[in-house]
Amino acid sequence: MKRILFGQLVTMAEEPDAPPLENGELIIDGEKIMAINSTPSEKFSGETIDLSDSLILPGFINAHCHLSLSGLKGKIPQGLPFVDWIRRVVKENSALPFTERAKALQEAARLLAQSGVTTLVDYLSHPELLTEYARLPFRQVLLYEVLGFKKNSADEITQQAEALLAEHAGHHGKIQLGLSAHAPYSVSPQLFKKLHDLTEKYDCPWSCHLAEVAEEAEFLKTGEGPLRDLLEERGVWETSWQPPGQSPVAYLSDMGRLDQMQGVHLNTIDEADIRLLVDGIAGAVFCPGATRWFGRGRYMPVRKLLDAGIPVGLGTDSLASNEDLNFLREIRLAAAMLPDVSRAEILWMATVGGAMATGIDGGEVVPGGRADLLAFKLKYPGPPKPWWEIVFEQLGAGPDRVMVGGELG
Ligand SMILES: [Zn+2]
């Protein structure tokens, strides 16, 4: 058992702009928070960590990333049409030896950890990378990324995904496994159904890049366009597939596939889509750095989603479409790009919003929850400030201390 004496504590379990608790203690046993006391106990026999000069916040959750693409940093030019960007990513990535990919993954993860990320939600591209992920210093939700547009490939792909889930089921260490259906233009309706069934059987989170670009909307409306060309070029076009003539969100909704899904990007959605999302998805992930990198003129209407009661988290996406994976920079970018979302709400998105959007626990300081915490120094003397201003002022330098699973770094 250990305890942390705190100056201020933001639990994120209440409204984002709720005032912090002051001058109390957090009792921690192993990886878990046992109690939050408003006054420190007089007698405590365990270790005491004195952070009474600091504001304590739950650790950040990076709700969308592809760490395995970290070797592509600086290799993909900006400004390419989306489908050319995909072609370039596939080409450059396949030219990288495994050892370089693994090394870049470790380097990128270090920056994530330094910037206060204590939970990473990542698309796992190859099961052989699991040993690399196992070395990372934070909790991970790894969503095995599945693609397959040909109808008759669904069985085999599903068997591979299930073998991975079955092997790691019940493994409740640092890594939790789930699935990601890459996108509506790369996953067949048959495969979507089978993946959905698996998420129910294994009670695991799942995710999808959804309504990301105009080309995706065009493909689902008409069956034509650059994405059709790409599928044909790669030899995975399915001749029996008929375009649904719907938006990406309506397409998945009609198939019953939004259920508890984490929806990533949602750049091209409209009011009708939002009404469908309210009844379906676990939540949405906004990727500020990647959105800016691609120069998207239209992007996720975060204010509308939050007002509709849809949790929104923040993600870095990968180094194939972002300058770096500094999560503090993502928070600053989110604030700049979402002028109608408050700083308290942005920090809510960076913590508990990311957990809710993924359908996992975390992002809050609550008894029974994981002791994943950040400490930011309270700079006295000076006039009292709202807690979010204290955090935003120190985003440049980052948190002073990071605790992952009860271990202070
Ligand atoms: Zn992505």
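**Helix packing and backbone geometry**

Helices (H or I, at least four residues) and strands (E, at least two) are DSSP runs numbered from the N terminus.

The model is predicted: local features need pLDDT of at least 70, side-chain atom pairs count only at pLDDT 80 or more, and totals for chains, interfaces and linings use all residues. Residues are numbered from 1 along each chain as its sequence is written, and side-chain values use heavy atoms, without hydrogens and water.

Helix α1 (residues 82–94) packs against helix α7 (residues 226–233) at an angle of about 30°, and their axes are 9 Å apart. This angle makes α1 roughly parallel to α7 (under 35 degrees). In the contact (heavy atoms within 4.5 Å), V83, I86 and R87 of α1 meet P226, L227, D229, L230 and E233 of α7. Five of the contact residues are nonpolar, none is polar and three are charged.

Most residues other than glycine have a negative phi. M12, not a glycine, has a positive phi of about 65°; its place is in the loop between β1 (2–9) and β2 (21–22). M12 is buried, with a relative accessible area of 4%. N23, also not a glycine, has a positive phi of about 55° and is found in the loop between β2 and β3 (25–29).

Terms used:
Axes fitted to C-alpha atoms, helices over the stretch in contact; angles between N-to-C directions. Parallel < 35°, antiparallel > 145°, perpendicular 65-115°, else oblique. Nonpolar A, V, L, I, M, F, W, Y, C, P; charged D, E, K, R; others polar. Buried < 20%, exposed > 50% of the residue type's maximum accessible area, 1.4 Å probe, protein only.
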